[in-house]
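Here are some notes for a colleague who will be looking at this model alongside the text. They take up a charged pair, then the other salt bridges, then helix packing and the nonpolar cores.

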Amino acid sequence: MAVGGEKMDLPTHKVQNGSVLVDSGQARLKELGYKQELKRDLSMFSNFAFSFSIISVLTGITTLYNTGLNFGGPVTLVYGWFIAGGFTMFVGLSMAEICSSYPTSGGLYYWSAKLAGPQWAPFASWMTGWFNIVGQWAVTTSVDFSLAQLIQVIILLSTGGKNGGGYEASKYVVIGFHGGILFLHAAINSLPISVLSFFGQLAAAWNLVGVMVLMILIPSVATERASAKFVFTHFNTDNGDGISSKAYIFVLGLLMSQYTLTGYDASAHMTEETKSADKNGPKGIISSIGISIIFGWGYLLGITFAVTNIPFLLSEDNDAGGYAIAEIFFLAFKNRFGSGVGGVICLGVVAVAIFFCGMSSVTSNSRMAYAFSRDGAMPFSSFWHKVNNQEVPINAVWLSAFISFCMALTSLGSIVAFQAMVSIATIGLYIAYALPIFFRVTLARKSFVPGPFNLGRYGILVGWVAVLWVVTISVLFSLPVAYPITAQTLNYTPVAVGGLLTLTVFSWIFSARNWFRGPITNINT
């Protein structure tokens, strides 16, 4: 908020426009050629809350804890988290610097267009935009599907567990849960931004408090605890996947950490609804990553101290059907109190966090679809970029939910195909993160005009580290995850990401290059 005695000569908070105070983010948006169509009502905390609840350490770690346990165990979990987190911060810092200069809902694809220069702008923004939006849809798909799976496990444990005749939902019931969750998310996202902002803040608070409660409660309740030596030095090579190289196992285990630390581009997509977005957008990106790294590590440590028998936790014959964290929670309470009800309630806390994560994910998707269609990049663009009386891009909201439902239908055919889809959530999204940073450190090295938040002379160095990390993880996560390689064990990540790349390039060559001109200003329309 503007204060009476505040300096007005700096365009970093509010700027004077005649006698009217104009928000600096709005002023910058106008300079970039866009009308203010969305309601600018979010504080810095609200902007942070959306990214923080999409990163949602409770979601990513709970969902992929099995991967970390299987590939390397405690060492991969505890140290891999910091490696992935440290490099993710480089990516975030570079994105924050660009976001400060271009605070628009289009985010990454708009940045690519501006940084690649007039000649390459249309192609750069086309590639970045499609990788970004498909990556986001894959994130929403995987988040809401993982919630559907967790609900299935909660029902299984509540009805006696796998060994006590508990109810195991079929894949059709799980997809039904998934559809219901997406419907609720679309309905919530149809509400005005002021209501959504409240839900976003509640989501951030729930994630913070939930992590703190669970990281203390679970190891405290557990009757058997791991030693510090086990948690900080035990390396699990017994993965049953025919892989014995420790370095190879370690990088496969990194996927859990890197999958969790995605989605913070939400802060950029929410900038047209954020006050002083040229400052608060970058703050949202950096703070969401930093706080997630700290709280995520606490959660990982707390849970891992309750791990004593890795093969049993990963076994499909345990009560949770092989869902490691569910079994850890359930056993902790069952062994202490004779009943696992407390563990099921703790899983409920995680389920609510995942629900909020999916909700914020749909918010971010819809803003990206709104901006991309505003620039004419999507089929039926004029329909998707409509906003309703509450200034909500309502059609884009329901489109995002519908596509995420369709993407999850692959799980009915093959879980392998579904996992390939999910891999786009990590690799596809990170490629979209890296493209504008790459243009910033190459084509726009001399011409980039920084905003209020900038890295100064370190911008180029940080940018290159970010780009090289994305190249590295794109290769690592495309490696086979089991030997011998069969149709069931093949890692389809390169197929999925390569397919997306091929579709995007071919659609450009045969169609879009003739009509797509990159971001279109709408200030005069």
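**Notes on the model**

1. Lys 334 is partly exposed, with a relative accessible area of 36%, where buried stands for under 20%, exposed for over 50% and partly exposed for the range in between, using a 1.4 Å probe and protein chains only. The side chain of Lys 334 meets that of Asp 319 in a salt bridge at 3.9 Å, N to O, the term being used for a side-chain nitrogen of Lys or Arg within 4 Å of a carboxyl oxygen of Asp or Glu. Asp 319, by contrast, is buried at 11% relative accessible area. The pair links distant parts of the chain, with Lys 334 in helix 13 (residues 324-337) and Asp 319 in the loop between helix 12 (310-314) and helix 13, 15 residues apart; helices here are DSSP runs of H or I of at least four residues, numbered from the N terminus.

2. This is a predicted model, in which local features need pLDDT of at least 70 and side-chain atom pairs count only at pLDDT 80 or more, while totals for chains, interfaces and linings use all residues. Residues are numbered from 1 along each chain as its sequence is written, and side-chain values use heavy atoms, with hydrogens and water left out.

3. The whole structure holds six salt bridges. One of them joins Arg 440 and Glu 97 at 3.2 Å, N to O; because Arg 440 lies in helix 18 (residues 415-441) and Glu 97 in helix 4 (residues 74-101), this pair ties together parts that are 343 residues apart in sequence. Both Arg 440 and Glu 97 are buried.

4. Arg 28 pairs with Glu 31, their closest N and O atoms being 2.9 Å apart. The two are three residues apart in helix 1 (residues 24-31), which means a separation of about one helical turn, and Glu 31 counts as exposed at 60% relative accessibility.

5. The axes of helix 3 (residues 57-70) and helix 9 (residues 246-260) come within 8 Å and cross at roughly 170 degrees, the axes being lines fitted to C-alpha atoms over the stretch in contact and the angle running from 0 to 180 degrees between N-to-C directions. That makes helix 3 roughly antiparallel to helix 9, a label given to angles over 145 degrees.

6. In the largest nonpolar core, which has 142 residues, Tyr 65, Val 91, Trp 111, Tyr 299 and Phe 329 touch the most other members; such a core is a set of buried Ala, Val, Leu, Ile, Met, Phe, Trp, Tyr and Cys residues joined through side-chain atoms within 4.5 Å. Helix 5 (residues 108-158) supplies the largest share of this core, 24 residues.

Notes. Parallel < 35°, antiparallel > 145°, perpendicular 65-115°, else oblique.
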